Amino acid sequence: MQQKQNTSIVWFTDNLRVRDNFVLSAAMKASRQVIGVYFLTPEKFNDTQFGFKKTEKFRAKFLLQTLNDLKSELDALNISLLVFNTAGEKQMRELVKIYDVKAVYHQKEWTDEEVKKIDFLKKTLPANVSVHEYYDQFLFHPDDVTFHYSETPKVFTQFRKQLEKKALVRSLFSMQPQELSSKVETDFKLPTLEQLGFEDFEIDSRTAFSFKGGSKAAEQRLDHYFFKTQSLGVYKKTRNGLLGENYSSKFSPWLANGSLSARQIYWKIKAFEEQFYANQSTYWLIFELIWRDFFKYISLKNGNAIFKLDGILNTVYGWSKNSKFIKEWTEGRTANDFVNANMIELKNTGWMSNRGRQNVASYFAKTLKLDWRIGAAYFESMLLDYDVHSNYGNWMYVSGVGNDPRDRIFDLKRQAEIYDHDKSFRNHWLK
Ligand SMILES: Cc1cc2nc3c(=O)[nH]c(=O)nc-3n(C[C@H](O)[C@H](O)[C@H](O)COP(=O)(O)OP(=O)(O)OC[C@H]3O[C@@H](n4cnc5c(N)ncnc54)[C@H](O)[C@@H]3O)c2cc1C
């Protein structure tokens, strides 16, 4: 049997859950004592190059709720969660020294900012501390697909077919009750929203997303959407909706910070199919989760090109930075009322439907021909579910510099007629 090391640190990032968490399981198996850490680094809340805060109040509050939930889940496993609202290096060095830590475990990332943070932190650790990193954010793990990520097909359909034909989704990692020795004692308190520079707020009562952060709320939502209401069974018909809780799953904010895994959703769909029925809708939710994987593989393959104006297609368009148009768009004061209703929803709630996102992004990049990275940065700031791969992947796609083989522009008038024919969505947000 493998000799257990004494104390390990699990450095949590966007994997804020206890169940189906490979990184945490690996640390627990190998250690007598585990300490969880999370860094709410100041850069998370600073202004970015286009003048928006990197994280606005919606995601900040959701994150604090998530950390609160994670802390109590970890407590039950005899693991303390220490949350610092400072940069990680100094804290990590001190923790390693105080608790004689022998290993650090974390989720493997590959986008620029994340890699820089990880590399910097690794450099500050003493040489005798081992670092273990694992991919754990996919539905289809890169080790289980038949191609290397550098060979990821450019077109989604080819990607999906290859996965569906030849790869399997891993089973959930079961948490073995581990004999962990006592947790480290701290009188540690989570930072408050005020300490992160925001005033507390109540969410606009018109929101389509009124859920809380954390695995508990995520699992309740899963149960509600699948089993209580059986909304899953009609998902394909409702997924382009704009109003209300159940037109789509609303899983994305939990998926984005890892308080829910794509595998957990997949295996719940399989359980639903077993218990009730399988139809196009039950399949379609898996189909959408494959889109999520697709953009992760695309960023793995293309690296920083996903942040460049010419995107991964290297297509040169004439882009504008007209600040008046940008402001009107962010404030929902453009010449188009369908765009405005969606943008006001985002501004007031941190949420927007997929249909809405496609339309406002197309209007920004294709109609107004504004630098798409500015629109993406605004989404990054505002969205509850901001995810670097999905956000930049979708923005490139809509802007004609990504994976769409056709260079399309949305006919907004027609879109509004189809998806908001009685204007109920526009009236909801504009009246
Ligand atoms: C311009 C633009 C920016 C976007 N930015 C983000 C982002 O930052 N974070 C994010 O999670 N999604 C993003 N999306 C994708 C999509 O709009 C959201 O995932 C979806 O609206 C979330 O709602 P839901 O969970 O109810 O989705 P559902 O329709 O219930 O789908 C289930 C899950 O499938 C995945 N999914 C669905 N559609 C997509 C898609 N087009 N691309 C990738 N994954 C998808 C999501 O994980 C989603 O939670 C963006 C789309 C566009 C057009």
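**Close-up views of the predicted model**

**View 1. Helix α6 passes helix α9 in a right-handed crossing.** The model shown here and in the other views is predicted. Helix α6 covers residues 215–228 and helix α9 covers residues 262–275.

**View 2. Side by side, α6 and α9 meet through residues of both helices.** From α6 come Leu 222, Phe 226 and Phe 227, and from α9 come Ile 265, Lys 268 and Phe 272. By class, this contact has 5 nonpolar residues, 1 charged residue and no polar ones.

**View 3. A shell of 29 residues surrounds the ligand.** The closest are Ser 248, Ser 249, Glu 288, Asn 391 and Asn 394. Sorted by class, the shell holds 13 nonpolar, 9 polar and 7 charged residues.

**View 4. Helices α8 (252–257), α10 (280–302), α13 (354–367) and α15 (388–399) each supply at least two residues of the ligand shell.** Of these, α10 gives the most, with 6 residues. Domain 2 (138–170 + 215–303) and domain 3 (308–430) each provide at least three residues of the shell.

**View 5. Domain 1 and domain 3 have C-alpha centres 33 Å apart.** The contact between the two takes 11 residues from domain 1 and 12 residues from domain 3. On the side of domain 1 that touches domain 3, there are 4 nonpolar, 3 polar and 4 charged residues. In the domain assignment, domain 1 spans 5–136 and domain 3 spans 308–430.

Terms used: Residues numbered from 1 in each chain as written. Predicted model: local features only at pLDDT ≥ 70, side-chain atom pairs only at ≥ 80, totals over all residues. Domains from an automatic or database assignment. Contact = placed C-beta atoms within 7 Å. Nonpolar A, V, L, I, M, F, W, Y, C, P; charged D, E, K, R; others polar. Near = placed C-beta within 6 Å. Helix = DSSP H or I, 4+ residues; strand = E, 2+ residues; numbered from the N terminus. Axes fitted to C-alpha atoms, helices over the stretch in contact; angles between N-to-C directions. Left-handed = near helix turned anticlockwise from the far one by under 90°.
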